[in-house]
Amino acid sequence: MMTLTKEKLTILREPDVIFFRNKAKEYAVKIGMSLVGQTKLITAASELVRNMLRYANGGEAILEIVVRNNIKGVRLTFADKGPGIKDVKQAMQDGFSTGKSLGLGLPGAKRLSNEFDLKSEVGKGTTVTIIRWKNGL
Amino acid sequence: MDKIPILKMGEFLLVTIQVDLYDRLALALENDLINMVSKTEARGVLIDISAVSIVDSFMGRILGNIASMSKIMDAETVVVGMQPAVAITLVELGLTLTGVYTALDVEKGMELLRSKIGYLPLDEENLYDDLN
C-alpha cells in the first residue's frame, strides 16, 4: 500500500469534528468515491472522532489517500492517549457502552468501513484505522 | 453560540436544519424544541433534514429523544427529507430510528402530522397507518 497524500489534524473540541468530517469528505470526493461511500466514510469518522473526544479528551486524526492494486482509498487513523479499552471484544458488540450512548459507535464504524483495525492498550491509548476504497461496497 | 431556529406554524413547530450538527448544538436543539412544545402547546413537530449530509448515532439518538419527549408532551414528531445516502448509512450503522415518523418531504410530513393529530376523516387516517 502506498500513501499519496497525508494530513494530520488535532482534535480537541467538538467543532473540530465538523472540520475533520469536511476534510474527510474532501478526500473522498477527490478520489471519486460515490455519495453513499462518502456518507459511510464520514459517518464512521464522526463516530470515531466522538469516541476520541469523549473517552480520551481528544487526540490526533490522520487523513490519507492510499493506493493498493491500483485502487485508491481513503485511510483515516484516530490515535489517542486515553485510558485504552479493557475488553476490545466487548467494545465491538452492538449496544455495549461504558458511556451513556447507544453503543453503536465502534461496531457501526466497522460496518461502514471496508477495513477496520483497532489497537488498544490499557493506560496507554487507542488507535483505530479505517479504510474505504473508491469502489468499496 | 450557534442556534437552530424553530418556527411556529399554527399548531406545529417547524425546524429546518441547514448545517451539519455537532453534539452540543444538537443537544441545544433538543432542549429548545421541548421547551417550545410546552410554551406553544404545539401538537406536532416537523424536522426537515434534507440539507443534512450526515446522521450519526448521536444525532440519531437526539431525533429519537425529541420524538419520545414530544410524545409525552402530546405532540407528534415527523422527520422529513432524509437523503438516500444518509438512510443507507443509518441502517448499516445499526440505527433504525424506531418510534420516529418519517416522510419524504415537508408537504407529506405536514399531511402525516395532520393525520396523526386527527385532522382527517377516519378512513384516510387508516390509509396513513397502512403506509407506515
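**Close-up 1. The buried residues of helix H4 in chain A.** In this predicted model, A:Gly105, A:Leu106, A:Pro107, A:Gly108, A:Ala109 and A:Leu112 are the buried residues of H4(A). Buried means under 20% relative accessible area, exposed over 50%, and partly exposed in between, with a 1.4 Å probe and protein chains only. Six of the eight residues of H4(A) are buried, so the rest of the structure largely encloses this helix. Helices (H or I, at least four residues) and strands (E, at least two) are DSSP runs, numbered from the N terminus. The model was read with local features at pLDDT of at least 70 and side-chain atom pairs at pLDDT 80 or more, while totals for chains, interfaces and linings use all residues. Residues are numbered from 1 along each chain as its sequence is written, chains are lettered from A and ligands numbered from 1 in the order in which they are written, and side-chain values use heavy atoms, leaving out hydrogens and water.

**Close-up 2. The largest pocket and its lining.** Here you can look into a space of about 710 Å³. Of its 36 lining residues, A:Asn51, A:Tyr55, A:Ile85, A:Thr98 and A:Leu106 lie nearest the centre. Two or more lining residues come from each of helix H2 (35–56), strand E3 (71–80), helix H3 (88–91), helix H4 (105–112) and strand E5 (125–133) of chain A, and from helix H2 (57–72) of chain B. H2(A) gives the most, with eight residues. By kind, the lining holds 17 nonpolar, 12 polar and seven charged residues. (On a 1 Å grid over the protein atoms alone, a pocket is an open set of points where a 1.4 Å probe fits, with protein on both sides within 12 Å along at least five of seven lines; lining residues have an atom within 4 Å of a point. Points are joined across faces, edges and corners, and the volume is the space filled by probe spheres set on them. Ala, Val, Leu, Ile, Met, Phe, Trp, Tyr, Cys and Pro count as nonpolar, Asp, Glu, Lys and Arg as charged, and the others, Gly among them, as polar.)

**Close-up 3. Where chain B meets chain A.** Follow the contact (heavy atoms within 4.5 Å) and you will find 20 residues from chain B and 22 from chain A. The buried area, which is the accessible area (1.4 Å probe) that the two parts lose on being put together, summed over both, is about 2000 Å², and carbon and sulfur atoms give 57% of it. B:Ile54, B:Glu92 and B:Leu93 supply 28% of the area that chain B buries against chain A, more than any other three residues. The interface also has five salt bridges, each a side-chain nitrogen of Lys or Arg within 4 Å of a carboxyl oxygen of Asp or Glu. B:Glu92 takes part in a salt bridge with A:Lys40, where the closest N and O atoms are 3.1 Å apart. Salt bridges also link A:Glu47, A:Arg50, A:Arg54, B:Asp23 and B:Asp56 in a network.

**Close-up 4. Salt bridges within the chains.** The whole structure holds 19 salt bridges over all chains. In chain B, B:Arg43 pairs with B:Asp74, with 3.6 Å between the closest N and O atoms. B:Arg43 sits in the loop between H1 and strand E3 (44–48) and B:Asp74 in the loop between H2 and strand E4 (76–80), so this pair ties together parts of chain B that are 31 residues apart in sequence. B:Arg43 is partly exposed at 26% relative accessibility, and B:Asp74 is partly exposed at 48%. B:Glu76 and B:Lys71 form another salt bridge, at 2.9 Å from N to O; B:Glu76 is buried at 14%, whereas B:Lys71 is partly exposed at 47%. Over in chain A, A:Asp16 bridges to A:Arg13, the closest N and O atoms being 3.9 Å apart, and A:Asp16 is buried at 17%.

**Close-up 5. B:Val19 and its setting in chain B.** Look for B:Val19 in the loop between strand E2 (12–16) and helix H1 (23–40) of chain B. Its relative accessible area is 41%, so B:Val19 counts as partly exposed. Leaving aside residues up to four places away in sequence, B:Val19 touches B:Ile4, B:Leu25 and B:Val52. B:Ile4 is 15 residues away along the chain, and its C-alpha atom is 8.7 Å from that of B:Val19. Chain B has five helices and five strands, running β-β-α-β-α-β-α-β-α-α from the N terminus. Of its 132 residues, 49% are buried.
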